[in-house]
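Biologist: I would like to learn how to read this fold. Where do we start?

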Amino acid sequence: MAPDSLNISTLDGDTVLLDLNALERIPEKARVLPADPRFDEATLIWNGLIDKKPALVIQPDNTAEVVSTVDLARDHGLLLSIKGGGHNISGLALADRGVTLDMSRMNEVRVDANRRVVHAGPGCLLGDVDRATQEHGLVTTLGFVSQTGLAGLTLGGGFGYLTRRFGFTVDELIEIEIVTADGQVRRSNRETEPDLFWAIRGGGGNFGVVTEFTYRLHEVGPDIVGGLIAWPAQDHAQDVLGLYQELTASAPRELTLVITMRLAPPAPFIPEPWHGKPMIAIVACHTGDPAQALEDLAPIKGLGHPIADLIVPKTYVEQQSMLDATQPKGANYYWKTEFVAELADDFLPVFVDIGSAIESPMSQMMMFHLEGAVNEHAEDDGAVGNRDATYVTGAAGAWPAGNLDGDKYQAWVRQSWEKISPFSTGGNYINFQTIDDDTSRIESSYRANYERLQKVKARYDPGNLFRVNRNLAPAR
Ligand SMILES: Cc1cc2nc3c(=O)[nH]c(=O)nc-3n(C[C@H](O)[C@H](O)[C@H](O)COP(=O)(O)OP(=O)(O)OC[C@H]3O[C@@H](n4cnc5c(N)ncnc54)[C@H](O)[C@@H]3O)c2cc1C
């Protein structure tokens, strides 16, 4: 028999018995209780390290049902979390014994090719948007893994293969619809409720539940040149990093290069003798003229003796999902990263040392090139800040579920982070923060924009209803 009440955590951390009659304004089909066959899927998130079990999931179909859920949580003082794609590394999509708003059913994508904009629901994954916009040969700036949630990525800033050309994802955001803590549905853009629009462009889920995102589109694809090329780390790491340093100093903005060191996976494209051995790889994406792309990529393809070269003409959509298999849902993940302003000569050996010390079959030492459009915005153009960043680098610890060496792999991440920290701008990417990052790390992500964020928080969410996130205490 279905229960008539639930034990739910309050905002203060107490537990209350909630009579299910309190859910009367939420349609029954949107309510997912623990005994419901949909519950496990609705509470499954990417990082297997996170062990949280909500008391109740609400799966809204529309904005009105989001309003009813926000009203319910506010009026009863219930702990509320919001799940976009569930990819947040710290597991911020879920709250233990709380109410989770699972936005996955609100995943409509509408492309207005004439106006060059796309409207996307908060339940979209990146691939949903890429596939729809590419039907018109259009794109907006999204991330490197197509299964990542659009909402969380956007609200933290967002970067990917097109960031050098068009900036952070939030630089391409034109408007949102959002339900704030008072239950109001607001449309916000640079002219209407501009402070709110400023704050959500980097400030995460602190200000309400976004029910629609509208982005600017550009002509890119469908054909691009991209892929991965890998070499044995022992023989080639120094040369590959040296070439990366040289190329990224002058590469056209159509070319984005990512570098990774890891143990070679047992993938069919890696010859068997190299499986499990240290490798260094460049992931390339060139969205310019294909002939120019091959010319720009020639120095990479000509370097040394690669063990795999998968850089070929392909579609943009293929490129966007190329790395999906390297980030399986349910494995354990622990990352620490920093923004850096330049690729200093003395950083290269540090990168190689860290990459060479990897022991987990899934961990990676990464570097993403960002320099370009992001640096042309003022530091306070959106809460995201970090306009001095030209690279993101860090240790991405990962290991299969059930592997008992997690402590060792996490220690590698912490030791690596200590080594890269001296090269940081002092800023870090809020969306890459992990379970043990504290308030000081939130402050160092927003730096000069932090106090203004707290003021906007005080205006739109003075009771801190939206607290299952990288939380900003409302200014007093
Ligand atoms: C494999 C992988 C690859 C990644 N690659 C990139 C990348 O290339 N570029 C990049 O920029 N980032 C990248 N990230 C980081 C990613 O941006 C964050 O993990 C982000 O939080 C994921 O969004 P999500 O919707 O899946 O998150 P969720 O876990 O669902 O939610 C995260 C947070 O967003 C808030 N939120 C979600 N939906 C809403 C909403 N509708 N309204 C208000 N708040 C909401 C929640 O409150 C929560 O605090 C990657 C992450 C992973 C795991």
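Modeller: Start with a strand pair. Strands β4 (residues 56-58) and β6 (residues 99-102) run parallel, joined by 3 bridges. Strands are DSSP E runs of at least two residues, helices H or I runs of at least four, numbered from the N terminus. Strands pair if DSSP finds at least two bridges between them. Leucine 56 has valine 99 in β6 as its bridge partner.

Modeller: Two cautions. The model is predicted: local features need pLDDT of at least 70, side-chain atom pairs count only at pLDDT 80 or more, and totals for chains, interfaces and linings use all residues. Residues are numbered from 1 along each chain as its sequence is written.

Biologist: What is the strand order of the open sheet of 4 strands?

Modeller: The order is β3-β4-β6-β5, with mixed pairing. The edge strands, β3 (31-32) and β5, each pair on one side only.

Biologist: Which residues have the most contacts inside the largest nonpolar core?

Modeller: In soluble globular proteins, nonpolar side chains tend to be buried together. Here the largest nonpolar core has 137 residues, and Val99, Leu150, Ile200 and Ile282 have the most contacts inside it. Strand β16 (residues 278-286) gives the largest share of this core, 7 residues. A core joins buried Ala, Val, Leu, Ile, Met, Phe, Trp, Tyr and Cys through C-beta atoms within 7 Å. Buried means 20 or more other C-beta atoms within 10 Å of a residue's own, placed from the backbone.

Biologist: Why does the shell around the ligand lie between domain 1 and domain 2?

Modeller: Domain 1 (5-105) and domain 2 (109-219) both give residues to the shell, so it lies between them. The bounds come from an automatic or database domain assignment.

Technical notes: Buried ≥ 20, exposed ≤ 12 C-beta atoms within 10 Å, placed from the backbone.
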